[in-house]
Amino acid sequence: MLIKPKNLVDYMLVYNVGAAWWNNIIANPLVKKNNDDTPLAIFGKTTDEVHVNKHGYMRCIKENVEEIYALPVDVDNGTSMEWFETDFQRYSYQLYTTYSWHNGKEGDRFRVFFPLKEPIKTRWLVKPVKDILIAMFSMADTSCFDQAHWQRLPCISSRDADYRYVQHQGNLLSFAHHNFEKIAEEYENDMKAYYKKLDEERDPDEDRTWLLRCVQKVFDETYEGERDKTVFREVSSMIRKGCTYEEIMSLTPPAGFEREYEKKVRYVFSRQVR
């Protein structure tokens, strides 16, 4: 298991844990006054060669995660646990309520780990593969299916806090029939061909136009749950490459982010343009 000790750190640790450890932590969740102090986990393994930070610790980046052995699913939209348990009763899973389960909000909020019959390589989690996972888990936060998604471990604010967990036995979740490896390979080839075509069509005197076309494609393929960080990353990059405010505002923002787009662009400009 890969562990990120708490939310606001840039490194991860590797632990060899067994069923007894997991059974204990899900039945007796951690107690933290601040949810940001809750450790996060990926049931998976690192790559053979890893990137480290300045202190020599492994960085929390997707390039350091080779594959996952359990699929994380984060449900924060009010879907009831009873519905979820009924709909996914054929599969094995471990479900536990979130830190803010009943924090003045309606509906249930919980996290789930589905043990996998076959590991999923991190590099396979490209857009068409994510589309398959989103279709199966339409109630989940789509960021769960990002490459190397960190999921908070069971945690409560106090020992008397409301908490519930379920350990359900069933079939191991399998996506072998989808052949994620082939889908990912075809997608990567398609993307290489797309950018090659763009490059061939590019006028050397219009590099800015080519850049804006590339960013627009990124925005068009951005999922809910990824919009804020994607816009921040791409706008920051465009500013560094000399794009103007007007050029950036000429782009069509990710679907559902139209109202926030101008505010986010202004914010990034205020940080980078002094």
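**Entry: aromatic rings**

I began with the rings of this predicted model. One aromatic cluster is formed by Phe84, Phe88, Tyr91, Tyr93, Phe110, Phe114, Phe137 and Phe145. For the structure as a whole I noted 21 aromatic pairs. I looked up Trp21 and Trp22, whose ring centres are 6.4 Å apart with the planes at 40°, so I logged the pair as tilted. Trp21 has 33% relative accessibility and counts as partly exposed, while Trp22, at 7%, counts as buried.

Phe114 belongs to strand S9 and Phe137 to the loop between H3 and S10, so the pair ties together parts that are 23 residues apart in sequence. Is Phe114 buried or exposed? I found a relative accessible area of 0%, so Phe114 is buried. Phe137 also comes out at 0% relative accessibility and counts as buried.

One more ring went into the notes: Lys217 lies over the face of Tyr194, 4.4 Å from the ring centre.

**Entry: helix H3**

Which residues of H3 are buried? I wrote down Val129, Lys130, Leu133 and Ile134. Looking down the axis of H3, I see these buried residues within an arc of 140°, so they line one face of the helix.

Next I turned to the open spaces. The largest pocket has a volume of about 1300 Å³. It is lined by 37 residues, and the closest to its centre are Lys62, Asp146, Glu226, Lys229 and Arg233. I sorted the lining by class and got 18 charged, 12 nonpolar and 7 polar residues. Elements that each supply at least two lining residues are strands S7 (65-78) and S10 (151-152), together with helices H3 (127-136), H4 (180-201), H5 (207-220) and H6 (227-240).

The second largest pocket holds about 320 Å³ of space. Among its 16 lining residues, Val17, Gly18, Ala19, Trp22 and Phe43 are the closest to its centre. Two or more lining residues come from each of helix H1 (19-27), S7 and strand S9 (108-121). H1 gives the most, with 3 residues. How many charged residues are in the lining of this second largest pocket? I counted none, against 10 nonpolar and 6 polar.

The largest cavity has about 80 Å³ of space. Of its 14 lining residues, Ile42, Ile68, Ala70, Pro72 and His149 are the closest to the centre. Strand S4 (40-42) and S7 each supply at least two residues of this lining, and S7 gives the most, with 3. By class I noted 11 nonpolar, 2 polar and 1 charged.

The second largest cavity has about 30 Å³ of space. Its lining includes Asn35, Thr38, Tyr96, Arg111, Arg152 and Cys155.

Methods: Residues are numbered from 1 along each chain as its sequence is written. This is a predicted model: local features need pLDDT of at least 70, side-chain atom pairs count only at pLDDT 80 or more; totals for chains, interfaces and linings use all residues. Side-chain values use heavy atoms; hydrogens and water are left out. On a 1 Å grid over the protein atoms alone, a cavity is a set of points where a 1.4 Å probe fits but cannot get out, and a pocket is an open set with protein on both sides within 12 Å along at least five of seven lines; lining residues have an atom within 4 Å of a point. Grid points are joined across faces, edges and corners, and a volume is the space filled by probe spheres set on the points. Helices (H or I, at least four residues) and strands (E, at least two) are DSSP runs, numbered from the N terminus. Ala, Val, Leu, Ile, Met, Phe, Trp, Tyr, Cys and Pro count as nonpolar, Asp, Glu, Lys and Arg as charged, and the others, Gly among them, as polar. Buried means under 20% relative accessible area, exposed over 50%, partly exposed in between (1.4 Å probe, protein chains only). The arc is that of the directions from the helix axis to the C-beta atoms. Rings of Phe, Tyr and Trp (its six-membered ring) pair if their centres lie within 6.5 Å; planes under 30 degrees apart count as stacked, over 60 as edge-to-face and the rest as tilted. A charge sits over a ring if NZ of Lys or CZ of Arg is within 6 Å of the ring centre and within 35 degrees of the ring normal.
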